[in-house]
Amino acid sequence: MKILLVDDDKRVLKSLSHYLRDRGHEVIEANTGRRAVALLQEQDVDVVLTDLNMPGMDGEELIKRVKEERSGTKTILMSADPNVAKIAFACSADAYASKLRGAEDV
């Protein structure tokens with residue numbers, strides 16, 4: 001499966017990318033929503049896995065763009081925001097994932 005992974009946090013991007021590649025997926029990385037849109041114009045992907053909170057184009061806007069321009073591409077919204085399910089539903093994401101918070105947030 002070819003996955004476009006989008007997150008502005010370099011550590012999260014590298015960690016998730018490594019995890020997905022270890023499981024046999026092809027991963028393309030983008031650190032902004034705008035970069036993700038540019039990559040989608042160049043190549044096809046099966047899934048867009050995006051963070052919600054990013055500067056410029058956030059994950060919600062990115063998912064709306066993907067749904068408009070590439071309706072067959074699956075989308076997953078990920079966030080530590082407690083309302084991630086509601087936000088994912090509002091932007092028609094196919095799924096959502098809640099990021100685990102560190103001990104300092106508990």
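Which residues does L62 touch, not counting residues up to four places away in sequence? Select L62 and display its contacts (heavy atoms within 4.5 Å): V6, G33, A36, V37, V48, T50 and M57.

Before going on, note that this is a predicted model, in which local features need pLDDT of at least 70, side-chain atom pairs count only at pLDDT 80 or more, and totals for chains, interfaces and linings use all residues. Residues are numbered from 1 along each chain as its sequence is written, and side-chain values use heavy atoms, with hydrogens and water left out.

Next, select L4, V6, V48 and L62, which have the most contacts inside the largest nonpolar core, a set of 14 residues. Such a core consists of buried Ala, Val, Leu, Ile, Met, Phe, Trp, Tyr and Cys residues joined through side-chain atoms within 4.5 Å; buried means under 20% relative accessible area and exposed over 50%, with partly exposed in between (1.4 Å probe, protein chains only). At least two core residues come from each of strand 1 (2-6), strand 2 (26-30), helix 2 (33-42) and helix 3 (59-69). Helices (H or I, at least four residues) and strands (E, at least two) are DSSP runs, numbered from the N terminus. Helix 2 contributes the most, four residues.

Now select helix 2, where G33, A36, V37, L39 and L40 are buried. These lie on the same side of helix 2 because they cover an arc of only 165° around the axis, taken from the directions from the helix axis to the C-beta atoms. The buried residues of helix 2 pack against strand 1, strand 2, strand 3 (47-51) and helix 3. Turn to the other side of helix 2 for R34, Q41 and E42, which are exposed.
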